Amino acid sequence: MKLARDTWLIFQRQLNLLLRNPVWVFVGVFQPVMYLLLFAPLLKPALGAPTQAEAYKIFVPGLLVLLAIFGGLFQGFGLIAELRAGVIERSRVTPISRLALLLGRSLRDVVSLIVQAVIITLLALLFDLRVFIGDLLLAYLMLALIALMTSAVSYGVALKVKSEDALAPLMNTVAQPVLLLSGILLPLAFAPGWLQGVAKWNPFSWAVDGTRALFNGDIGNDRVWQGLTIITVLAAAGVYWAARQFARSVR
Amino acid sequence: MIETRGLRKSFRSRAGRETKTVEAVRGVDLNVPAGEIFGFLGPNGAGKTTTLRMLATLIEPDGGQATIAGADLLTNPGEVRRRIGYVAQGGSTWDESTGREELVLQARMYGISKAEAQRRATRALEAFQLSEFADRKCKTYSGGQRRRVEIALGIIHEPKIVFLDEPTTGLDPQSRAHMWDEIRRLRADGMTVFITTHYLDEADALCDRIAIMDHGEVVAEGTPADLKREISGDVVQVGLDVTATGEAEKLLDGEEYVNRLELLDEGGLRLFVDEGATAIPRILRRIDSAGLDLRSIELHRPSLDDVFLTKTGRSLRES
């Protein structure tokens, strides 16, 4: 199976390079941990949650989705550096699968996200968060799909714009409304009706709701399968589009 | 080994609101036999790299045909990729990887097994005298070492043809001479080598045949010796004061043995004559009798720059 072999080849290479520089683990985890330690304590009184554990059930899933969205969207920067070094062009003259050039990189991003998510979850356990392992694994699947989509889109955009200067504002402009309209920091249940109406069109808001339901042990909630379906479809579309950018001529 | 007919490519570029189409390559016909070092010579912006990138499957031609190592470029680029190697001008190694890692990865991207890829990497490192640095990161390499890794990457899968885009640009003279030896070694191994260059001496010394490209077209093709022979005769360069140059021009322009004459910026003249040995005494007599001060006189066999000048009306050095 050529695609699987080629993907594994690129994945290994990218993971090796990442592990060579383990600072990323700290950099990646630092911000969410800060949120966990410095922001989450405000939530119990603010949300009127009966216990701190209840507040974490609402906040941690949102935090993990945030991590998946942002972690993915900014992967394109690394690709621009590779583009400039000529590594992408060197790959493109070989018969390696174009889809594998994308998937190998995106799967590396998914793995690094899951590692970060596990660290955050373990920390939250110290704060009395409790979640069933089956629900948690399904929530991780949701996170993995989100990261796959956002990193693929980021790579595709990076290949199109080819410069960090263009990529940074573009990604920030996309990420901010997506973040605010997904109820990540506070549930949209508090939002006025018009805001809830707009948020319905944000696929990430469905993903956040689904992930929250899973952390709440409510696996039968419609939002779980709806969120997973929406994100799966978008991830497939994102991967398809980004792989085409790898196949296209890049100057 | 490479045959192209009417290969074309234009780019749309946007300057402000206007889009304009730049015809980078306007119909290139090439015929490169196996086992040669074929040089693609021309000034920057002549379309050399665009042509090369088309032949290496990196950009799709707008029109024309090409067969490369027996595979059709337009209908079967995948097969072309398996049969060629390509070394880009701007480098292709990653700072944080070692030379050995890059070579193994490259071999494996061509579908070669892990064990075989490792064997080939070791062999390539020895052949390019890189064993000593094999396990250091690429960012620690000198320019010449890094270029050698990149050439090794281009041939790790033993292609029939390797394309080298300006392989010696930016190298010091010693690394450059070293690189020429490496390129000749590739030919000795039976590979067809296609290089682009804007160095005349490189094209002259290294290439079996060259094509001169200007404004997206091939303006001349042949062996360096043939091309130079085409411009019959010799070049006599006369060094004079800038003030005396005008008068000397008047004196010599009408002489029947002078085919063509050019002014030099630094003062003096270039005279294209049939036979240098008989022309020089006559030139000397003319200048002497007019009482002009002669600074120097040199006799040249025509160079590739003269070929370029004749074909394009410009000197390659100026462009």
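This is a predicted model: local features need pLDDT of at least 70, side-chain atom pairs count only at pLDDT 80 or more; totals for chains, interfaces and linings use all residues.
Residues are numbered from 1 along each chain as its sequence is written, and chains are lettered from A and ligands numbered from 1 in the order in which they are written.

**View 1. The contact between chain A and chain B.** Chain B contributes 21 residues and chain A 16 residues, two residues being in contact if their C-beta atoms, placed from the backbone, lie within 7 Å. On the chain B side, α2 (77–83) and α3 (99–109) each supply at least two residues; helices (H or I, at least four residues) and strands (E, at least two) are DSSP runs numbered from the N terminus. This side of chain B comprises 10 nonpolar, six polar and five charged residues. Ala, Val, Leu, Ile, Met, Phe, Trp, Tyr, Cys and Pro count as nonpolar, Asp, Glu, Lys and Arg as charged, and the others, Gly among them, as polar.

View 2. Residues 106–127 of chain A are 95% helix and 0% strand, with end C-alpha atoms 32 Å apart. Residues 178–195 of chain A are 33% helix and 0% strand, and their end C-alpha atoms lie 13 Å apart.

**View 3. Leu159(A) in helix α8 of chain A.** Helix α8 covers residues 133–161 of chain A and contains Leu159(A). Leu159(A) is buried because 20 other C-beta atoms lie within 10 Å; the cut-offs are 20 or more for buried, 12 or fewer for exposed, and partly exposed in between. The C-alpha atoms of Leu159(A) and Ile10(A) are separated by 17 Å, although these residues are 149 places apart along the chain.

**View 4. Phe163(B) and the nonpolar cores.** A nonpolar core is a set of buried Ala, Val, Leu, Ile, Met, Phe, Trp, Tyr and Cys residues joined through C-beta atoms within 7 Å. The largest has 135 residues, and Phe163(B), Val65(A), Leu143(A) and Ile146(A) have the most contacts inside it. α8(A) gives the most to this core, with 16 residues. Not counting residues up to four places away in sequence, Phe163(B) touches residues including Leu52(B), Ile84(B) and Phe194(B). A second, separate core has 13 residues, among them Val236(B) and Leu271(B).
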